[in-house]
Amino acid sequence: MQGFTPPLSGTAESVGLGPIEAAFPNAVFPTGAIHEFLSTEPEQAAANGGFISGILNNLMQNGGACLWISIRRTVFPPSLKVFGVEPDQLIFIDLKRERDVLWAMEEALKCKGLAAVIGELEEINFTQTRRLQLAAEQSRVTGFVLRSDAKKLSATACVARWNISHLPSELEDGMPGVGFPRWNVELLKVRNGNPGSWKVEWSEGRFKPVTDTKETVLRLESLKAG
């Protein structure tokens with residue numbers, strides 16, 4: 001009835017999410033499916049973009065472009081190089097109406113030559129996500145819905161619902177500036193899997209699990225107090 005068949009263990013390549021992948025059926029990140037990312041603030045939208053770019057690094061290894069569809073583009077293309085994604089591998093489609101974004105995303109998901117499709121939407125309902133999911137299952141193209149109005153959540157047909165937020169980076173000894181990007185990753189819902197929460201960092205071209213150091217704990221406490 002759902003139409004989604006989890007991949008068999010060992011039949012798909014890892015996308016480099018490390019311990020997070022154990023939460024999915026047979027420990028395989030669901031490709032050819034729709035993933036929903038929640039966002040309430042511009043900072044969270046940036047966190048979503050960075051985290052998804054790390055996943056794209058693996059999805060686009062075998063070629064194929066990615067379409068990024070929205071009515072107000074929030075991503076800065078050159079920043080994608082931090083995650084090993086060349087800006088010219090992405091095609092940005094800027095539209096004026098949300099319903100056009102939804103239509104373009106569904107049509108794009110039918111194109112088997114694409115590696116991924118990303119759509120920025122305020123709201124989306126079960127029927128709309130069901131259409132996107134069916135298109136993704138037929139083409140095996142992975143879709144990401146960046147949902148900006150997380151206050152009006154409803155049931156969807158997406159295989160996973162993510163909540164990504166920034167964490168303070170750790171400076172390397174003797175090095176100025178900022179450290180590698182870090183996120184708190186919450187998998188709120190995953191079909192046939194196990195939701196959970198993890199802290200990860202993007203460094204050396206891949207996701208790495210991180211643990212709280214004393215410095216990180218103090219900085220988080222300071223941010224909460226401020």
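I started with the second largest pocket, where α1 gives the most to the lining, with six residues. Helices here are DSSP runs (H or I, at least four residues), strands are E runs of at least two, and numbering goes from the N terminus.

This is a predicted model, where local features need pLDDT of at least 70, side-chain atom pairs need 80 or more, and totals for chains, interfaces and linings use all residues. Residues count from 1 along each chain as its sequence is written, and side-chain values use heavy atoms, leaving out hydrogens and water.

Back to the pocket: I noted about 300 Å³ of space. Of its 18 lining residues, Ala46, Gly49, Gly50, Ser79 and Phe83 come closest to the centre. A pocket is an open set of 1 Å grid points, over the protein atoms alone, where a 1.4 Å probe fits, with protein on both sides within 12 Å along at least five of seven lines; lining residues have an atom within 4 Å of a point. The volume is the space filled by probe spheres set on the points, joined across faces, edges and corners.

What is the lining made of: nonpolar, polar or charged residues? I found twelve nonpolar, six polar and no charged. Asp, Glu, Lys and Arg count as charged, Ala, Val, Leu, Ile, Met, Phe, Trp, Tyr, Cys and Pro as nonpolar, and the others, Gly among them, as polar.

Next, the sheet. I traced nine strands in an open sheet with mixed pairing, ordered β3-β2-β4-β5-β1-β6-β7-β8-β9. Pairing takes at least two DSSP bridges between two strands.

Last, I looked at β1 (residues 34-38), which runs parallel to β6 (residues 160-167) and is joined to β6 by four bridges. Leucine 38 stands opposite asparagine 163 in β6.
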